[in-house]
Structures are given as structure tokens and as C-alpha cells.
Amino acid sequence: MKTTPKYISGFRDGADFAPRAKWRTFRATLFVVLLAALSSSAYAEEVRILTYNIRNGRGLASPDVDLERPTRVIREIDPHVVGLQEVDRLTRRSGGRDIPRELGTLTQREVEYASAIDFDGGEYGVATLSSQKPIRSYKVPLPGKEERRVLQVVEFEHFVLFNTHFSLMKESRINSISILEQERKKFTKPVVLCGDLNATPDSETISELRKNWRILSPSVPTFPADAPTIQIDYVLVPIDAPIEVREACVWDAPKESDHRPVCVLIEINVELDADSQTSAGSK
């Protein structure tokens, strides 16, 4: 029996977005690299990216932490990289559990965590899960009048992930963009920005971002999860990035969190020369 794909809206070269049995491996095999080197100076690498505000595993309106909720979504989509927002680590309200570490174990992925604030005896911030071990990961503080925010920078072989959760306050969001731009300019590799930006498409925040970034995620509401009316979760890349989007969707997950997950399949044009391996600080 054919399974109905769990998606709200998206595209894939005119076809439905749906899970596959196997995705192209995250790191290109040596054979593909050698073949591309013989025929061209570049090759295309596909990477599936998911951004998801998980409400710390508490579901749409539940007080309990149940990590099977976000884990089910991640397993269904099977992304290479996951940017998570609203993630506790060792807080009392989560029973002292290391939520990012547990999610890494449940999804069989590498884990990187970036704390935004000290909270309730532990930490609160964002996390990145990935099928490939990153080269490095670090965090950059962002402003937030109601609470401090953070930009998590995770560098992989052929691209860099920026994972964040912007402030509820417009002034703080606008100021965060300039910090984000300063960080982006440190890299020659393509950068992918994902997260809960707490801003709708017609907001000043998104207008400011569009000056240097293009949105890859679909123009579909993402919040609240049970009956979405506004879009505040995004995946973006710099305007001139050698990246094309092949699939994009807002996933049908109405109860697992208060946000819908957003996923994209991107194709990165990888240059087979020394410049493509340059890390931060080379510019």
C-alpha cells in the first residue's frame, strides 16, 4: 500500500516531498570525488536540513518531557543535519536530563550544543544533530531584551550551519542580523542559516535579512503547530551562495511541539580546489 507523505506544502521538481528508504550519503564518496575531478572542477553534494523548535520535548501543550516526540519526526524525515531550538540541558524542570545528548543517542547522530542562558540549575539554548561529525562548533552571543540569545556555528567539510532562535523583541532581532553578517563574512564556505526567527515574512526583520539572504523554506505557516497561522521558522542561504534547493516542506507534525518542523534538501556546488576547504579566519 502506498504511504501518504506527511507534508503540508513544498516542492520537489514538481513531485511530492516524501521520506525515502535511503538518502545520498552526507559525505561524498572518494569515487564520486575522483570522477568529478576527472570531468569537472566541481560536483554537487546533496544535504537534507531540518530546523525544528522542539519546545524541549514537551509537545504542543504537555508539561512532561517526552523525547520520543521530536525523535519520531527526525526519524521520519531522516535529515543529515538538524538545527533544534528550545533545548534544555541539566535543568530541574527536565529532571536533570541532558536533552541534547539523549536526542543524539535516540537519533544516532553527532551532537553539538550552544547554551544561550543559565536556567533552572542547568542551561537553555540550541543544539545541532548531524550524521557527520563537524569540524568544529562554537557559539556567538546575540542580544535579547527579554532573555539573551545565541548563534550556534557548526562547520562541516563543505558548508557551515548557523542555528539560532531570535529574540521576541524587534530591536534585538535587527541587531542580531548585523552580528550574524559579521560572522558569515569569516567563511568562504557556503553558510546555511536555520531557526526560529520570531518574525513573519512581512516583518522588518525578514526584510533586512533579504538584503543579503534568500529564503529556501516554503512560504507556509509554521506556528502554532496544531493550526498554523504565521510563518516564523526558516532556512536561508546568502544570495550568492552556490546552493540550490531541490525539496522544501513544512512537515505535518501537529502535536509533537508548538512549532511545525521545516525541512529542505539543498544541492551544494562543491569546488574541487584548495579554496573550497578554507575555514574561518582566511578572509
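Select Tyr 124 to begin: this residue is buried, with a relative accessible area of 12% (buried means under 20% relative accessible area, exposed over 50%, partly exposed in between, with a 1.4 Å probe and protein chains only). The model is a predicted one, in which local features need pLDDT of at least 70, side-chain atom pairs count only at pLDDT 80 or more, and totals for chains, interfaces and linings use all residues. Residues are numbered from 1 along each chain as its sequence is written, and side-chain values use heavy atoms, with hydrogens and water left out.

**Aromatic rings**

The rule takes rings of Phe, Tyr and Trp (its six-membered ring) with centres within 6.5 Å; planes under 30 degrees apart count as stacked, over 60 as edge-to-face and the rest as tilted. The count by this rule is 3 aromatic pairs.

Next, select Phe 162 and Phe 187. Their ring centres are 6.5 Å apart and their planes stand at 70°, so this pair is edge-to-face. Phe 162 belongs to strand S8 and Phe 187 to the loop between H4 and S9, 25 residues apart. Both residues are buried.

Then show Arg 184 and Trp 213: the arginine lies over the face of the ring, 5.7 Å from the ring centre. This requires NZ of Lys or CZ of Arg within 6 Å of the ring centre and within 35 degrees of the ring normal.

Switch to cartoon view. Helices (H or I, at least four residues) and strands (E, at least two) are DSSP runs, numbered from the N terminus. An open sheet of 6 strands has the order S6-S7-S8-S9-S11-S10, with mixed pairing; two strands pair if DSSP finds at least two bridges between them. Its edge strands, S6 (136-142) and S10 (213-215), each pair on one side only. From one strand to the next the twist averages 25°; axes are lines fitted to C-alpha atoms, for helices over the stretch in contact, and angles run from 0 to 180 degrees between N-to-C directions.

Helix H4 (residues 170-184) packs on this sheet and touches S6, S7, S8, S9, S10 and S11, where contact means heavy atoms within 4.5 Å. The direction of H4 makes about 150° with that of S6.

Inside the sheet, pick S9 (residues 191-196) and S11 (residues 233-238), which run antiparallel and are joined by 4 bridges. Leu 193 has Leu 236 in S11 as its bridge partner.

Move to S12 (residues 243-251), where 7 of 9 residues are buried. S12 pairs with S13 (residues 262-271) in the antiparallel sense over 7 bridges, and Glu 247 has Leu 265 in S13 as its bridge partner.

Where does the side chain of Glu 247 lead? Glu 247 meets Arg 48 in a salt bridge (2.7 Å, N to O), defined as a side-chain nitrogen of Lys or Arg within 4 Å of a carboxyl oxygen of Asp or Glu. Arg 48 sits in strand S2 (residues 42-53), 199 residues from Glu 247. Glu 247 is buried at 0% relative accessibility, and Arg 48 is buried at 0% as well.

The count of salt bridges is 20. Among them, Arg 149 and Glu 146 have their closest N and O atoms 2.5 Å apart; Arg 149 is buried at 6%, whereas Glu 146 is partly exposed at 34%. Finish with Arg 89, Asp 98 and Glu 123, which salt bridges with shared partners join into one network.
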